[in-house]
Amino acid sequence: MSTVAPDTDIVHGADVPRCGPDTPAEEISRLLVTHGVVIVERLADDATCDRLADELGPWIEQTPAGGDAFSGFSTRRTGGLLTKAPSSEALVAHPLVLDVVDRTLWPKKTTFQLHLTQSIAIGPGSPAQMLHRDHWCFDFFPFPRDVDVEVSTIWALTEFTEANGATRVVPDSHRTPDDVKYAFEQTSPAAMPRGSVVLYLGSTVHGGGANTADETRIGINVDYVLGWLRQEENQYLTYSLDEVRAMPERLQRLLGYEVGAYALGYVDGGRSPMELVQGVDPGDTQSFAPS
Ligand SMILES: O=C(O)CCC(=O)C(=O)O
Ligand SMILES: [Fe+2]
């Protein structure tokens with residue numbers, strides 16, 4: 001269903017489903033699987049957003065703009081957030097989001113992991129990003145339409161408005177074949193207050209919006225994938241082993257330092273990488289079965 005915005009001629013696609021921060025994970029996952037996208041409003045409080053913005057500010061300033069149209073010539077993407085902006089842990093490992101991701105990704109999975117963390121600062125004058133499906137990064141592999149391998153999230157560190165480049169999404173586009181093309185008119189802006197998060201599937205058609213405002217839109221993009229797919233941002237080389245050792249175990253596992261399934265990613269002929277990270281003596285090795 002298309003609706004015409006009352007004060008403009010822009011035609012929008014279907015409304016993006018949205019819910020509040022107290023919504024149970026089961027219901028959020030149901031909306032995500034049904035519509036391919038859902039917004040959870042005000043999940044991060046102002047204090048968390050303020051701290052994160054302070055930590056990130058200098059890093060964003062140092063980040064060059066993208067080198068191609070997809071990355072955005074006026075967009076700055078800053079990766080490796082867990083050490084640059086330690087407050088990002090509250091978003092990356094948010095219990096409600098992790099619960100939703102776990103319920104949504106392929107039910108037979110052994111585990112899931114981080115695919116990437118990045119802030120995306122879309123500068124004024126930036127045109128809309130090409131519409132795409134995030135799971136195209138896997139060489140356009142034709143995943144079965146009822147198997148979800150990736151959940152993407154973008155947190156609004158600044159308010160997201162249609163004018164400042166809120167992510168554009170096509171609700172209900174996630175079960176169509178990859179070669180089905182969508183027009184801009186079928187997209188809707190994921191407009192949301194600061195601290196909200198939009199979750200969408202790897203198969204959902206979306207793209208960064210055009211920024212026609214005189215302010216920068218900053219989103220915190222955190223994606224999750226099945227434990228046996230390659231990560232988009234190389235987490236093993238993004239953080240040093242010493243940095244990883246200083247992180248809580250939940251993050252170490254999310255980074256990919258647990259085996260991705262039985263025998264996937266072991267070290268030393270049969271040890272879980274978690275043992276290496278945690279300094280377990282090889283003599284005390286358990287097994288490389290997921291632990
Ligand atoms: O910045 C955005 O709103 C979306 C970015 C995006 O979809 C991407 O880079 O894959
Ligand atoms: Fe994307």
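A residue is taken to be near a molecule or strand if its C-beta atom, placed from the backbone, lies within 6 Å of it. The structure is a predicted model, in which local features need pLDDT of at least 70 and side-chain atom pairs count only at pLDDT 80 or more, whereas totals for chains, interfaces and linings use all residues. Residues are numbered from 1 along each chain as its sequence is written, and chains are lettered from A and ligands numbered from 1 in the order in which they are written.

Around ligand 1 stand Ile-120, Gln-129, Asp-134, Ile-154, Thr-167, His-206, Gly-207, Gly-208 and Gly-219. By class, this shell comprises two nonpolar, six polar and one charged residues, where Ala, Val, Leu, Ile, Met, Phe, Trp, Tyr, Cys and Pro count as nonpolar, Asp, Glu, Lys and Arg as charged, and the others, Gly among them, as polar.

Helices (H or I, at least four residues) and strands (E, at least two) are DSSP runs numbered from the N terminus, and two strands are said to pair if DSSP finds at least two bridges between them. Strand β5 (residues 75–79) pairs with β6 in the antiparallel sense over five bridges, and Thr-75 has Ile-122 of β6 as its bridge partner. Strand β12 (residues 217–226) also runs antiparallel to β6, to which 10 bridges join it, with Gln-118 opposite Asn-221 in β12.

An open sheet of three strands has the order β9-β8-β11 with antiparallel pairing, and its edge strands, β9 (188–189) and β11 (206–207), each pair on one side only. Two bridges link strand β8 (residues 168–169) to β11 in the antiparallel sense, and Val-169 stands opposite His-206 in β11.

The protein is divided into domain 1 (15–257) and domain 2 (263–291), with bounds that come from an automatic or database domain assignment. The contact between them takes eight residues from domain 1 and five residues from domain 2, two residues being in contact if their C-beta atoms, placed from the backbone, lie within 7 Å. On the side of domain 1 that touches domain 2, α7 (241–245) and α8 (249–257) each supply at least two residues, and the largest share, three residues, comes from α8. The residues of this side divide into three nonpolar, three polar and two charged.
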